[in-house]
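Subject: Model handover

Hi,

Here is the structure for you to look over. My notes follow below it.

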Amino acid sequence: MSVPYSIKTLAVAGTDKQPKASDKIPIIARPFVSDRAKKTLDIVEKFVEEECIPGDAVFSQQLGLTPDARFRAHPPILEDLKKRARELGLWNMFLPKNHFKEGAGFSNLEYGLMAEYLGKSGIASEATNCNAPDTGNMEVFAKYGTQAQKDRWLKPLLEGKIRSAFLMTEPDVASSDATNISLTMVKDGNDYVLNGAKWWSSGAGDPRCQIYIVMAKSDPGNKNVYRQQSVILVPFDTPGVKIERMLSVMGYDDAPHGHGHVTFTNVRVPASNLILGAGRGFEVIQGRLGPGRIHHAMRSIGAAERALEHFLARINDPRKKPFGKQLHEHGIQLERVARSRIEIDAARLQVLNAAIMIDSKDAKFALKEIAEAKVLIPEMALTVIDRAMQAYGGAGVSQDTPLARMWASGRTMRIVDGPDEVHLLQLGRNENKRGPFLLEKVEWQKKRGEEMAKSYGLQNKDVLQLDREWSKEKSKL
Ligand SMILES: Cc1cc2nc3c(=O)[nH]c(=O)nc-3n(C[C@H](O)[C@H](O)[C@H](O)COP(=O)(O)OP(=O)(O)OC[C@H]3O[C@@H](n4cnc5c(N)ncnc54)[C@H](O)[C@@H]3O)c2cc1C
């Protein structure tokens, strides 16, 4: 790979004094990271710090001001950065090498380390063709698509020429339980006809979004509730598909991708558009989500790191001296910095562990660790971002720092891909399976302690002397 950067020093003022990304890989993860991945990681860091983070502001400007303009826009800086990323060999790093031949040849762990840096910028993920929901959608095509589906949709997605959306959530049912999905899908000759509504269809607003991967109810009478759904491909311009409106996230429109509220009225698509087969929708959505949750989590670690950077910058700003001292001279701020450092580092180990587990077998093998990361990391990131916002005072909640937007986006992570409660319930249930055994164990250990005490000639006494009878006897001695 040709490297047009000198990786040793970053151009950003002062960053040459910082260790490189590859030097900061946690020691327990290092044995699993190849030299090639380390080199690429350093290039990712430099690309994000020097080109993508400064480019975020350009991207915002190029989007335009009116809703119409913002959802038509394709900011030129994005294509420039994509070109640059490809020259640097930073493309499709997310497709793990042990399951797909189409990617850049990295493991989940190696990509996880890179995704942390991508998460520091709003545009870095798309600049490297590693952005959600396209990443999960490309995995669906690569894993379950027919050759014809791969040629038609996966190829241009891998090249970053088109975008895609995944349509599962519906406005009228509790969609965190996917058995509720009710958009109808009825067989008619060689076609299926779809009717209903979807919302939170991320990416649907992008003018380059050409394909929707839709979950629908194809067999409502099936006794097995996990066989009632199917996943089918619907090109965006199929007659009867209508984007009713775009939803905002706490006031942010996330243009141009956005989150669509889409209706389907007698939408007809050929049966050959089915993914994997009728009634196999659950298999598809489960296969899609595993590593994706880790990607979100790793990007959130990067967001937390960026928030901490802003936090440190602010408390060292010599112009800001409340009550006669700079903020870093107020102990409470340093304690918040220290807590942020501890929490980010602990969370990173947790998510890297999940990535190593996936690499050692597959996402199913790492369900517990993935769920842990899904719950822990957004909470951690929100706390760290919140501390940084607080240090900025009014500026922290305004558009003058990236923090408010990062917080709004981070807050959605507790809902997207299943709300916290679903993962907590599952984790709690699984953990509780050990309960009956632990009850027996605790009782056994108590009895065993009594037997051991006897073997030393001791009676079963309360050593804290709260036993009044024993205390009385003792006072007679
Ligand atoms: C920014 C953003 C992007 C998104 N992108 C997409 C996308 O691209 N495609 C897509 O299909 N969807 C997308 N979603 C939708 C998201 O996945 C759903 O919102 C989520 O799965 C929850 O479903 P729901 O909104 O129907 O809430 P519901 O299922 O109605 O749940 C509402 C609340 O009920 C509570 N709850 C749920 N289950 C339990 C439980 N077992 N125990 C206790 N309480 C519980 C939780 O507090 C939960 O938040 C996106 C959402 C957001 C915010």
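The shell around the ligand draws at least three residues from each of domain 2 (164-275) and domain 3 (291-418). Domain bounds come from an automatic or database domain assignment. This is a predicted model: local features need pLDDT of at least 70, side-chain atom pairs count only at pLDDT 80 or more, and totals for chains, interfaces and linings use all residues. Numbering starts from 1 along each chain as its sequence is written.

The ligand shell holds 22 residues, and Met168, Ser175, Ser176, Trp200 and Ser202 come nearest. A residue is near if its C-beta atom, placed from the backbone, lies within 6 Å of the molecule or strand in question. Strand 1 (163-167), strand 3 (191-202) and helix 12 each give two or more residues to this shell. Helices (H or I, at least four residues) and strands (E, at least two) are DSSP runs, numbered from the N terminus. By class, the shell has 12 nonpolar, 8 polar and 2 charged residues. Here Ala, Val, Leu, Ile, Met, Phe, Trp, Tyr, Cys and Pro count as nonpolar; Asp, Glu, Lys and Arg count as charged; the others, Gly among them, are polar.

Helix 12 (residues 420-432) also packs on helix 10 (residues 367-391), at an angle of about 140 degrees and with the axes 9 Å apart. Axes are lines fitted to C-alpha atoms, for helices over the stretch in contact, and angles run from 0 to 180 degrees between N-to-C directions. The pair is therefore oblique (under 35 degrees is roughly parallel, over 145 roughly antiparallel, 65 to 115 roughly perpendicular, the rest oblique). On the helix 10 side, the residues that meet helix 12 are Lys368, Ala371, Glu372, Lys374 and Val375. Their partners in helix 12 are Asp420, His423, Leu424, Gln426, Leu427 and Asn430. That contact has 4 nonpolar, 3 polar and 4 charged residues.

Now the domains. Besides domains 2 and 3, there is domain 1 (15-131). The C-alpha centres of domain 1 and domain 3 lie 18 Å apart. Between them, 18 residues of domain 1 are in contact with 19 residues of domain 3 (contact: C-beta atoms, placed from the backbone, within 7 Å). Helix 4 (residues 108-118) gives the most to the domain 1 side, with 7 residues. That side has 10 nonpolar, 6 polar and 2 charged residues.

Best wishes

Key. Contact = placed C-beta atoms within 7 Å.
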